[in-house]
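Open the model in your viewer and keep the selection panel handy. We will go from stop to stop, picking residues and looking at what surrounds them.

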Amino acid sequence: MLRIALLGCGTMGSTHAHAYTSLREAKVVAVCDIRLEKAEALASLLGCVAYTSYEAMKEKADYEVLDVCLPTYLHCRYATDAMQDGKHVFCEKPIALNLEDADLMVETAKEYGVTFSVGHVLRFFPQYQAAVAQIKAGRIGTPALLRTTRNQAFPGWSWENWYQDSTKSGGPEVDLAIHDYDWLLYNFGSVKRVYAKNLGTGHPKQMHTLAILRFASGAMAHVEASWALPKGIEFRTTFELVGTDGQLCYDSSRDCPLKTQLGSDEEASLFYDNPLSDEMNPYRAELKAFLHAVEHKTEPVVTAPEAIAALQVALAAKESAHSGKVVHL
Ligand SMILES: NC(=O)c1ccc[n+]([C@@H]2O[C@H](COP(=O)([O-])OP(=O)(O)OC[C@H]3O[C@@H](n4cnc5c(N)ncnc54)[C@H](O)[C@@H]3O)[C@@H](O)[C@H]2O)c1
């Protein structure tokens, strides 16, 4: 059984912690967050030790895998330190904010012979997987037009409001749209050029990106990702995949088995639960797949070069929105 240390006990740390509770192939032995109450809450869920410093956890805890759920600007520093210490690393998406850090992470993993993967979780959503299976079976013919949306209110829950600072989060182009970029690249091949627009500076608290991608296959995609919805409006993702013979459509707002809405001023007043089965939890599935790759010394489902390719598209969209020009990859 692999021993895990979880670094960062905020939103995603908590999501991963809950996923680990039903994974038999792993035992979380340590959790760490600079906020003691966050670390203690997950330590009590998992029955493990809470630390408030990575260095103390590294010195005292015995583990093979570090799961990095820190704000994105901290990924590279802690992931590479762990790799140099011989730990396998699972890191939340995006891999990093720039290609230099991303390359360093990939090179360090190679040099120290550890398994490294990034949380591009859309690959594990049953609805997205089912759509790909239909396309591969030829159901809609040749894919031509791919439209994805991923829209939410600003993620105001974060520690020190780090999402607001795009030098720390990358903004919705890098933080949010990257989910769809990874999924599109993985399933529809490489992208040749990108053209993007953002909501302008007249809306400092509402961030939004819309990118048009041209694939090497000739297909095109519209990728919309937003932190522009007013607080309290439901997080919603959709896709429309149009082929020569048909289309596949998905809308997350019609898809949740159990939705709880509380009358509240708090950020977290809307909760989604899937009481049907642990197996359907995509976060559990991605961690399970990663642990399998570590245990069997096989390539992870999401490889590090793929995480870099998604980042390249996200950075191209950012550059295009800034320059007003098409960016060729
Ligand atoms: N896969 C997904 O669906 C998904 C969704 C949301 C966020 N994310 C990604 O997950 C990562 C974390 O985002 P989040 O929303 O959980 O952020 P968050 O702010 O909720 O949590 C980050 C936690 O890290 C802690 N922290 C900060 N510096 C630390 C340090 N040096 N040592 C230990 N703990 C430290 C903070 O106290 C906080 O609890 C980001 O990269 C984000 O892009 C992924």
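Select His 179 and show its neighbours: leaving aside residues up to four places away in sequence, His 179 touches Lys 93, Val 121, Leu 122 and Arg 150, where contact means heavy atoms within 4.5 Å. His 179 sits in helix α9 (residues 177-188); helices (H or I, at least four residues) and strands (E, at least two) are DSSP runs, numbered from the N terminus. With a relative accessible area of 12%, His 179 is buried (buried is under 20%, exposed over 50%, partly exposed in between, using a 1.4 Å probe and protein chains only).

A word on what you are viewing: this is a predicted model, in which local features need pLDDT of at least 70 and side-chain atom pairs count only at pLDDT 80 or more, while totals for chains, interfaces and linings use all residues. Residues are numbered from 1 along each chain as its sequence is written, and side-chain values use heavy atoms, with hydrogens and water left out.

Next, select helix α6 (residues 126-136) and colour Tyr 128, Ala 131, Val 132 and Ile 135, which are buried. Look down the axis of α6: these buried residues fall within an arc of 100°, so they line one face of the helix (the arc is that of the directions from the helix axis to the C-beta atoms). Among the elements covering them are β7, α9, β11 (236-243) and β12 (247-251).

Now move to strand β7 (residues 143-153) and select Leu 145. Not counting residues up to four places away in sequence, Leu 145 touches Met 220, His 222, Glu 240, Leu 241 and Val 242. Draw a distance from Leu 145 to Thr 167: they are 22 residues apart in sequence and 32 Å apart in space, C-alpha to C-alpha.

For the last stop, which residues lie nearest the centre of the second largest pocket? Select Ser 166, Glu 173, Asn 198, Leu 199 and Met 207, from a lining of 16 residues. A pocket here is an open set of points on a 1 Å grid over the protein atoms alone, where a 1.4 Å probe fits, with protein on both sides within 12 Å along at least five of seven lines; lining residues have an atom within 4 Å of a point. Elements giving two or more residues to this lining are α8 (171-175), β9 (207-215) and α11 (304-323).
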